[in-house]
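Let's take a walk through this protein together. Have a look at the sequence and the fold first, and then read on.

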Amino acid sequence: MASQPPAAPPAREKLPKNRPLVSAPAPLGRVLPYVLFAAALVGAALTVVFSQGHYGLSWLTLALFLAATLVGAREIARLRQAAHVHELVMEGAHGGIWAWNPVTKKLHASPRLLAILGYPENSLTDSEAWLALMHPDDVARYSRAVADHLKGITDHFYCEYRVRHHNGDYRWIASRGIAVRNRHGVATLMAGSVTEITERKQDEERIHYLAHHDQLTGLPNRLLLAVHLPQALRRAKREGSRVAVLFVDLDRFKNINDSLGHNVGDRILHTAAGRLRQALRESDSIVRQGGDEFIVILSDLQSSAQAAQVGAKLLEAVAQPYQEGDHAFFLTASIGVAVYPDDGKDMDTLLRNADTAMYAGKSAGGNTVHFYTGALNERLQSRVYVERRLHQALDNGEFSLYYQPQIDIASGRLVGAEALLRWHDGEQMVPPDSFIPIAEESGLIVPIGQWVLDTAIAQAAAWHRAWGERQGLPPRIAINLSARQFWGGGLAEHILERLGAEGLPASAIELEITESVLLRQEGDSLAELRRLEGSGLGLSLDDFGTGYSSLSYLRLLPIDTLKIDKSFIAALDEHTVEAETSDALAIVRAIIAMAHSLNFQVVAEGVESTGQLALLRDLNCDSYQGYLESRPLPAAEFAARYLG
Ligand code: C2E
Ligand code: CA
Ligand code: CA
């Protein structure tokens with residue numbers, strides 16, 4: 001059943017279907033009673049014919065004959081019994097029995113074992129079939145246990161793993177066995193028994209869950225933090241990535257408990273916990289530290305700015321109104337961030353520093369994400385500073401747009417470009433992730449977003465005029481929109497007016513929105529989107545996979561393209577752990593297949609390697625963008641490279 005053949009010469013004998021597991025008598029022992037019996041019979045007959053009255057001799061022969069018959073009958077019965085023991089064991093054992101030839105890979109699974117798993121008799125006749133039913137997460141551990149025993153490292157084989165029942169569920173089984181070896185020590189047969197342990201495993205999981213989860217919020221508790229954080233740190237050390245620890249504390253939560261009572265307080269806490277969890281990626285961890293405090297671990301970060309973005313997302317999640325009867329309540333949170341390795345290399349230091357940062361934020365008025373000093377540029381830490389500078393940035397012309405090419409995977413041709421905002425703050429280039437959340441919170445994203453729209457449309461029109469005719473279709477320019485830009489209404493109006501003024505066909509522009517656009521109640525974003533789509537603009541859903549949307553819900557929306565979030569593409573990398581790769585692959589495959597069934601185009605973001613591109617090609621992904629083709633480029637450089 002191991003996937004790799006052990007280093008043994010091919011066995012001459014095959015394992016017959018009903019090969020007894022109990023040893024049978026040696027060949028001589030098997031025929032002897034028949035020979036004795038036959039000899040006695042012949043002897044008796046000869047005696048009768050030739051004795052001519054010498055009955056003494058014939059009595060002796062008869063006695064011999066009887067004795068031989070008795071011995072023979074017993075021996076025959078014993079033989080029969082031996083032949084049946086195997087069947088009896090196979091059918092009678094409470095658990096299942098198996099026998100496996102490690103060389104030919106032939107497997108014999110007892111009827112009882114097959115019945116546990118819902119398969120008919122005489123099925124699963126080789127280890128390939130067996131492995132195919134095994135839970136993918138258990139295969140490596142299982143194969144190791146088999147190989148260790150075949151090599152003689154362990155004195156018996158034992159493994160607990162999951163196998164797919166005929167009805168599609170997985171069942172836990174415990175399998176134990178032992179190898180039979182030839183005189184060279186090479187295993188020629190392995191046999192053993194199996195018991196189903198699904199219930200026990202479920203009990204264990206339940207106990208584990210209760211021990212590790214907080215009853216009020218259903219979130220993991222500190223016990224799991226002590227497991228997850230060191231794990232994330234070890235991995236970050238190995239891979240040279242970052243881990244952020246976020247200390248989240250609800251502001252003035254005590255007031256709610258004091259004025260509305262603990263029952264209401266508990267319900268609100270439960271809701272807030274659920275929203276925090278939902279705002280995170282699956283791979284992030286969140287635990288309830290106690291009271292109204294939560295700790296979030298973000299692993300595999302490339303920069304601290306990503307933590308700022310997640311922090312802003314968490315603040316927004318907490319800030320949604322809480323409905324209690326006829327009343328709506330509002331809450332804010334303070335978040336302190338410490339990042340490995342800049343702010344600490346071990347769990348205790350990181351937790352302490354995140355806590356300190358949280359208090360600093362709280363004393364500055366709360367409702368903020370505060371970094372432990374040293375993680376980000378000192379000036380950037382001050383929200384007030386960034387906000388003031390953003391106002392001036394627009395007037396001072398400190399913004400520009402960079403363009404990242406989008407390539408059709410089948411033809412390798414340029415089909416579009418995404419416009420990405422850049423802020424040159426004096427000497428430094430501030431990444432959008434660290435100022436867009438602030439611009440969104442302060443409302444500044446509205447004038448900034450308008451500048452982006454106007455600039456990108458003007459640029460697309462200029463390219464259209466200069467190259468459109470010669471090159472066929474010029475690339476479609478994708479523009480990112482924030483939810484906030486929809487709130488005031490009039491967005492569609494403005495865009496259509498700009499297109500008209502520039503003489504640009506609507507199909508030359510695509511708008512990228514995130515699910516947050518659709519989740520907010522302010523303004524009628526859906527009506528605006530329908531109007532834009534009706535006018536011929538492309539609409540794509542950005543960062544797909546990181547939010548809440550089910551694909552069936554998407555069908556109701558006026559979008560035509562899905563952009564698979566780059567976190568999934570990053571997980572497709574050859575260097576990631578085997579199991580993760582296959583998970584990511586399965587997710588990406590499912591997204592593409594379902595998106596196609598709904599007639600959406602699929603764009604993969606963040607493609608950095610040829611390996612990822614090859615996988616995406618196999619999965620029929622339509623187009624991609626990423627560093628593999630090019631980083632976002634200033635307009636002139638983009639034009640020189642792609643439109644010249
Ligand atoms: P996004 O819309 O998901 O944009 C894609 C981001 O991925 C860009 O980051 C891009 O530079 C980066 N990227 C592209 N290829 C790769 C790759 O191969 N590997 C990796 N690791 N990253 C890649 P950027 O330019 O820093 O923008 C970050 C985010 O800021 C954008 O994410 C978008 O949410 C926001 N943003 C950028 N420009 C605008 C804008 O004009 N308006 C609004 N509202 N948001 C914007
Ligand atoms: Ca985008
Ligand atoms: Ca994106």
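Predicted model: local features only at pLDDT ≥ 70, side-chain atom pairs only at ≥ 80, totals over all residues.

Residues are numbered from 1 along each chain as its sequence is written, chains are lettered from A and ligands numbered from 1 in the order in which they are written, and side-chain values use heavy atoms, with hydrogens and water left out.

Let's start with the big picture. The protein chain has 24 helices and 22 strands; these are DSSP runs, numbered from the N terminus, with helices being H or I of at least four residues and strands being E of at least two. Of the 644 residues in the chain, 47% are buried. Buried here means under 20% relative accessible area, exposed means over 50%, and partly exposed is in between, using a 1.4 Å probe and protein chains only. Now for contacts, where contact means heavy atoms within 4.5 Å. Among the contacts in the protein chain with a separation of 6 or more, 63% are between residues 24 or more positions apart.

Next, the metals. Donors are N, O and S atoms within 2.8 Å of the metal (3.2 Å for Na, K and Ca), and water is not among the atoms, so sites may look incomplete. Which residues hold the calcium ion (ligand 2)? Its protein donors are E418 (OE), N480 (OD1), E512 (OE) and D542 (OD), at 2.1 to 2.3 Å. Along the sequence, these donor residues follow the spacing E-x61-N-x31-E-x29-D. E418 sits in strand β14 (residues 414-425) and N480 in strand β16 (residues 476-480), so this pair ties together parts that are 62 residues apart in sequence. E418 is buried, at 4% relative accessibility, while N480 is partly exposed, with a relative accessible area of 25%.

D542 bridges the calcium ion (ligand 2) and the calcium ion (ligand 3), and the two ions lie 3.9 Å apart. D543 is partly exposed at 24% relative accessible area, and E605 is buried at 7% relative accessibility.

Now to the helices. Two packed helices are described by the angle between their axes and the distance between the axes. The axes are lines fitted to C-alpha atoms, for helices over the stretch in contact, with angles from 0 to 180 degrees between N-to-C directions.

Take helix α10 (residues 304-319) and helix α14 (residues 432-442), whose axes come within 8 Å and cross at roughly 20 degrees. That makes α10 roughly parallel to α14; the label covers angles under 35 degrees, with over 145 being roughly antiparallel, 65 to 115 roughly perpendicular and the rest oblique. From α10, the contact uses A305, Q309 and A312, and from α14 it uses D433, S434, P437 and E441. Two of these α14 residues, S434 and P437, are among the buried residues of that helix.

A second pair is α17 and helix α19 (residues 525-534), with axes that come within 9 Å and cross at roughly 25 degrees. These two are therefore roughly parallel to each other as well. L491, A492, E493, I495 and L496 of α17 meet E528, R531 and L532 of α19.

Finally, two single residues. H494 is in helix α17 (residues 491-502) and is buried, at 18% relative accessibility. Setting aside neighbours within four places in sequence, H494 contacts Q450, L453 and D454. T368 is in strand β12 (residues 368-371) and is also buried, at 15% relative accessibility. Not counting residues up to four places away in sequence, T368 touches L315, A333, S334, I335 and G361.
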